[in-house]
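Dear colleague,

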Amino acid sequence: MKAKPYYHQQNTNAAASGGGGGGYSSESSNGGSNSPSPPPSPRRHSSISHSRRRLRTKSFSFFRRDSFALTVSFIFRRNLRYLVLLCLLYVSGLIMCVGPFAGLVGHTPVPGSVYRSHEIFGKLWDQIQSDNSSAIDLSSVWKYKRLKVQKPCLNSTSPGPSGFLIVEANGGLNQQRSAICNAVAVAGLLNAILVIPRFEFNSVWKDPSEFGDIYDEDHFVATLDGYIKVVRELPDLLMERYDYNMTNIPTFRVQAWAPASYYMGEVYPVLREQGVIRIAPFANRLAMNVPPHIQLLRCMANYKALRFSDPISTLAEKLVKRMIEKSSGTGGKYVSIHLRFEEDMVAFSCCLYDGGKAEKLEMDMFREKWWKGKFKRKDRVILPGLNRINGKCPLTPLEVGMMLRGMGFDNNTSIYLASGKIYQAERHLASLLKMFPLVYTKESLATPDELAPFE
């Protein structure tokens with residue numbers, strides 16, 4: 001407040017002395033009009049002026065600090081209750097979020113991610129036992145409408161064959177059958193001569209069977225004649241070129257579900273150049289979406305060309321006849337089920353059931369024994385709970401039984417189990433046998449002598 005009188009005193013002295021030259025225009029703080037600027041202060045007053053200005057600045061700075069502190073203190077005291085309320089709301093939010101958050105990180109199992117069918121069965125058993133009224137008219141189950149099926153055109157107008165196709169089917173019986181049908185389709189696509197498919201020896205099943213042991217080779221070749229050519233062996237001239245060693249033949253590792261365009265763009269040129277190619281392994285190596293005439297070849301192989309060998313067909317007819325006799329209470333009708341609950345299937349699915357730590361340890365040992373380090377690769381993440389939610393876990397015998405009872409099949413229904421050795425059969429089959437006492441297998445229907453040739 002003392003600076004203002006001093007400033008006006010300086011202006012008055014300057015005006016009285018008549019000094020005004022060399023001034024510059026500025027705005028007055030009072031009226032905003034232009035007025036001549038005051039002359040510079042005498043040198044003898046310079047130090048005093050600077051000291052007063054520093055004092056004024058310090059005083060204003062202290063005043064601002066004190067004012068800020070007082071303002072903050074006032075605001076804090078006034079809004080203290082709001083800050084306390086905000087803290088309470090924050091803590092309450094954390095408490096409410098603990099449950100869902102824990103579920104996300106895995107402490108609480110997601111619904112449907114844990115096998116609980118045995119618990120549900122225990123709760124429903126009394127109702128299942130008392131409700132034995134079948135809602136299924138078994139005669140209607142066997143009715144179907146015969147569709148008009150197209151036939152593939154003969155290959156008579158095609159140019160000469162592009163070469164020989166060799167495939168090595170891997171996997172179990174189902175995968176091998178699918179691979180054979182795909183091989184027929186690929187041979188038609190490439191206009192190749194198909195060599196009778198070979199079966200890869202599997203360390204799990206340890207089955208050395210060849211094509212002719214399971215299927216009727218003559219029927220296979222004759223049925224496909226005119227559509228694709230099938231031979232049993234490569235010509236001797238080609239075998240000599242590759243030192244009679246199949247592994248020397250150009251081998252393709254085709255990606256799973258490869259489209260027809262891949263075979264035409266990548267495989268066909270090599271086939272034309274070399275005269276023969278080998279695809280190994282060969283399972284699920286052809287996409288489902290293929291040209292219609294190629295799909296017809298695939299279906300023709302499955303429903304016409306593939307017929308079981310005589311020894312298998314003979315035993316199968318005996319088993320069917322005996323099942324009909326066992327099912328006299330239902331008019332000779334029965335249900336055949338492939339459970340797909342063998343130990344290799346359970347291990348490969350990476351699913352968990354109700355066996356606890358012992359089951360997990362056992363499955364880890366199976367996976368390491370059969371597939372070595374396949375399930376320990378860094379890019380392989382095993383999430384049993386997610387597999388179950390996504391429906392990728394094999395149904396247990398208990399779950400299959402509950403499904404059949406839910407469909408209306410009563411406990412007088414005869415069931416044939418067309419499957420291999422069930423994983424921990426005594427434990428897992430117990431509930432199915434309670435719901436369906438009339439369960440049969442090939443071991444219970446055939447004699448040991450009849451089964452001996454197939455051991």
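A residue counts as buried when its relative accessible area is under 20%. Please keep in mind that this is a predicted model, and that the values below are computed from it.

With that cut-off, Cys350 is buried, because its relative accessibility is 6%. Cys350 takes part in no disulfide, and the nearest cysteine sulfur, which belongs to Cys351, lies 7.3 Å away.

Cys351 itself is bonded elsewhere: the structure holds one disulfide, and this joins Cys351 to Cys393 with an S to S distance of 2.1 Å. The bond connects distant parts of the chain, since Cys351 sits in the loop between helix H13 (343-349) and helix H14 (356-371), while Cys393 sits in the loop between helix H15 (384-389) and helix H16 (397-407), the two cysteines being 42 residues apart. The torsion about the S-S bond of Cys351 and Cys393 is about -90 degrees, and the disulfide is therefore left-handed. Both ends fall under the cut-off: Cys351 is buried because its relative accessibility is 2%, and Cys393 is buried because its value is 13%.

One further cysteine deserves a mention. The sulfur of Cys181 has its closest cysteine sulfur in Cys299, at 8.3 Å, which is too far for a bond, given that a disulfide requires the two sulfur atoms to be within 2.5 Å. Cys181 also counts as buried, because its relative accessibility is 5%.

Notes:
Residues numbered from 1 in each chain as written. Predicted model: local features only at pLDDT ≥ 70, side-chain atom pairs only at ≥ 80, totals over all residues. Heavy atoms only, no water. Helix = DSSP H or I, 4+ residues; strand = E, 2+ residues; numbered from the N terminus. Buried < 20%, exposed > 50% of the residue type's maximum accessible area, 1.4 Å probe, protein only.
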